[in-house]
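Try each task before reading its solution.

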Amino acid sequence: MNKTDLAMRRQCLQNQTNLQRLFKDPARAEQALALFRTQHAMLHSAAVTEPPLWSYEDALLNGLPPEAWRLIPEGQEHTIAWLVWHICRCEDATLNLLVAGTGQVLDGDWLQRLGVSITDTGNCMTREEILLFSQGVNQQALLAYRLAVGQRTQQIAAGLQPGDLHRKVDPQRMERIWSEGVVLEGSRGIADYWSRRDVAGLLFMPAGRHLITHLDEIGEVHGGRD
């Protein structure tokens, strides 16, 4: 990444620190929601909002050769394709099922477009399964799915009221995480973590800090795009 991209990534980290503070102060809930929408947009493609903002995703992925999506480099655990799928599924499920109480973006014709049959977050996949998934998934459809998930999250966040931020996850909504195959038994800890969050916690982590963590990993997988 160039100097501008590195500086903007540092801004993303600062935004997360600021969000953590704002989410704890009920009097600053509107400010927290506004900053979340900006931060979230910076962690998706620039196409997720209009006018577009600087995009960490674009800084990492634009111009990346297709073969780079499907390999696990020495010293790494995942492919770029798997990482994009994983953050998509976590955000799609938590923001739609748990925060909004609606259907997932994946509920459309996305499985057919993606060329995959799995619906879970991928945490239980072996190295061989990650490679097989990555060879088969449609790369352009995966990017389109991620954009659709990001746009839906922006819509959900725009509709939240300050009083919603400290609403706890409804146990009935959590049941959909299991019934819709979002999490497998082997990664139950993820679902347990989500079940203990309030709306602010789900905005902060699956739709915020979690994205930074795995976008950083994408940078490591491809050598930081220097």
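**Exercise 1. Find which residues of α2 meet which residues of α10, and describe how the two helices pack.**

Step 1: list the contact. On the α2 side, Leu-33, Phe-36, Gln-39 and His-40 take part, and they meet Leu-203, Ala-207, Leu-211 and Ile-212 of α10. Contact here means heavy atoms within 4.5 Å. Helices are DSSP runs (H or I, at least four residues), numbered from the N terminus.

Step 2: sort by class. The contact of α2 with α10 has 6 nonpolar, 2 polar and no charged residues. For this sorting, Ala, Val, Leu, Ile, Met, Phe, Trp, Tyr, Cys and Pro count as nonpolar, Asp, Glu, Lys and Arg as charged, and the others, Gly among them, as polar.

Step 3: Two packed helices are described by the angle between their axes and the distance between the axes. For α2 (residues 29–42) and α10, the angle is about 35° and the axes are 11 Å apart. Axes are lines fitted to C-alpha atoms, for helices over the stretch in contact, and angles run from 0 to 180 degrees between N-to-C directions.

Step 4: α2 passes α10 in a left-handed crossing; that is, the near helix is turned anticlockwise from the far one by less than a right angle, while clockwise would be right-handed.

Before you go on, a word on the source: this is a predicted model, in which local features need pLDDT of at least 70 and side-chain atom pairs count only at pLDDT 80 or more, while totals for chains, interfaces and linings use all residues. Residues are numbered from 1 along each chain as its sequence is written, and side-chain values use heavy atoms, with hydrogens and water left out.

**Exercise 2. Work out how α1 and α10 are oriented to each other.**

Step 1: read the angle. The axes of α1 (residues 3–23) and α10 (residues 199–221) cross at roughly 160° and come within 11 Å.

Step 2: name the orientation. α1 and α10 are therefore roughly antiparallel. The cut-offs are under 35 degrees for roughly parallel, over 145 for roughly antiparallel, 65 to 115 for roughly perpendicular, and oblique for the rest.

Step 3: The crossing of α1 past α10 is left-handed. Arg-9, Cys-12, Leu-13, Gln-16, Leu-19, Gln-20 and Phe-23 of α1 meet Ala-200, Leu-203, Phe-204, Gly-208, Arg-209, Ile-212 and Asp-216 of α10. These residues divide into 8 nonpolar, 3 polar and 3 charged.

**Exercise 3. Show which residues of α6 are buried and which are exposed, then find what covers the buried ones.**

Step 1: pick out the buried residues. In α6 (residues 127–136) they are Ile-130, Phe-133 and Ser-134. Buried means under 20% relative accessible area, exposed over 50%, and partly exposed in between (1.4 Å probe, protein chains only).

Step 2: look down the axis. The buried residues of α6 fall within an arc of 95°, so they line one face of the helix. The arc is that of the directions from the helix axis to the C-beta atoms. Glu-128 and Leu-132 are exposed on the other side of α6.

Step 3: find the cover. It includes α4 (80–100). The axes of α4 and α6 come within 8 Å and cross at roughly 90°, and the two helices are therefore roughly perpendicular. Ala-81, Trp-82 and Trp-85 of α4 make the contact with Ile-130, Phe-133 and Ser-134 of α6. By class, that contact has 5 nonpolar, 1 polar and no charged residues.

**Exercise 4. Decide whether Tyr-56 is buried or exposed, and list what it touches.**

Step 1: locate the residue. Tyr-56 lies in helix α3.

Step 2: check the accessibility. At 3%, Tyr-56 counts as buried.

Step 3: collect its contacts. Not counting residues up to four places away in sequence, Tyr-56 touches Met-1, Arg-9, Met-42, Leu-43, Leu-215 and Asp-216.
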